[in-house]
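Please view the sequence and the model below before reading on.

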Amino acid sequence: MRILLFLATNFAVLILVGTVFTMLGFEGILAANGVDLNLKALLVFCGLFGMGGSMISLFLSKWMAKRGTGTYIIESPRNRDEQWLVDTVAELAQEAGIGMPEVGIFPSEAPNAFATGWNKNAALVAISAGMLKSFPANEIRAVIGHEIGHVANGDMVTLTLIQGVVNTFVMFLARIIGHTVDRVVFKTERGYGIGYFVVSIVAEIVLGILASIIVFKFSRWREFRADAAGASLAGRGDMIAALERLRGKQDTAQDLPGELTAFGISETAKQGFKALFSSHPPLDQRIAALRSAA
């Protein structure tokens with residue numbers, strides 16, 4: 001239902017944008033400058049590709065996560081640690097009101113964890129072998145609570161769909177820019193000249209970088225919500241302790257693939273302009289937020 005509602009909202013946005021462009025006479029302005037472009041058809045085309053790519057990634061997210069990280073799925077616990085991990089995930093999932101996720105361990109010495117999946121009742125929660133070995137049980141429980149919070153909040157779905165909307169408008173605006181430059185500057189009268197392809201590619205790169213700032217901003221915001229969920233499920237003190245331990249190890253190389261970084265518990269700290277492209281807020285800010293909410 002969440003996906004259907006979000007998709008309906010996104011299509012409504014596309015229709016609204018097309019209507020606004022028509023009411024403002026934008027197509028007429030382009031036509032007056034020799035730019036023959038059907039904005040509504042272009043918007044639908046970009047919407048299908050922009051949203052389509054994101055939806056495919058979402059539905060394949062668990063499959064890609066398992067193979068990208070080499071995650072071992074615990075189907076029948078082989079030892080006490082695995083049994084404890086499965087029981088803890090089951091307990092916290094029930095408390096959060098979601099279905100039992102798949103539980104996995106991925107081979108990394110770096111302390112990390114992630115959750116993914118298109119359905120909050122059929123998600124995947126995994127922690128690294130390094131975290132299972134080096135963190136005390138109460139702090140691992142808090143980290144699992146954080147990941148369960150992501151699932152219960154529907155963060156994987158929402159982040160993916162926001163990316164789809166961003167992709168749509170980046171493609172849309174880049175092609176308008178490329179088409180306009182090709183017609184007005186390069187005087188291409190029919191079809192597309194080299195100017196369209198070069199300008200469209202450059203515009204898509206620049207707009208994509210700028211638009212990704214919005215996606216990363218949302219990603220950082222959802223981390224505070226997941227921390228609050230972890231504190232609620234496993235205890236505020238344990239959630240703070242887990243983040244403090246992660247802060248002491250934040251310079252450790254992270255082994256999660258790039259596409260999964262946003263779904264992990266933390267990432268290597270970034271400074272200055274690079275911080276705008278960070279999927280996680282600084283651990284100091286996350287710890288301060290939990291303390292201030294006490």
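Trp221 is partly exposed, with a relative accessibility of 44%; buried means under 20% relative accessible area, exposed over 50%, and partly exposed in between (1.4 Å probe, protein chains only). Phe218, by contrast, is buried at 14%. Both residues lie in helix H9, 3 residues apart, about one turn of the helix. Helices (H or I, at least four residues) and strands (E, at least two) are DSSP runs, numbered from the N terminus.

## Basis of the model

The model is predicted: local features need pLDDT of at least 70 and side-chain atom pairs count only at pLDDT 80 or more, while totals for chains, interfaces and linings use all residues. Residues are numbered from 1 along each chain as its sequence is written, and side-chain values use heavy atoms, leaving out hydrogens and water.

## Phenylalanines of helix H3

Phe45 and Phe49 are 4 residues apart in helix H3 (residues 39-59), separated by about one helical turn. Phe45 is partly exposed at 38%, whereas Phe49 is exposed at 52%.

Thr160 lies in helix H8 and is buried, with a relative accessible area of 14%. Leaving aside neighbours within four places in sequence, Thr160 is in contact (heavy atoms within 4.5 Å) with Ser54 and Leu58.

Tyr192 is placed in the loop between helix H8 (155-184) and helix H9 (194-234) and is partly exposed at 44%. Ser76, in the loop between strand E1 (72-73) and helix H5 (80-96), is exposed at 51%.
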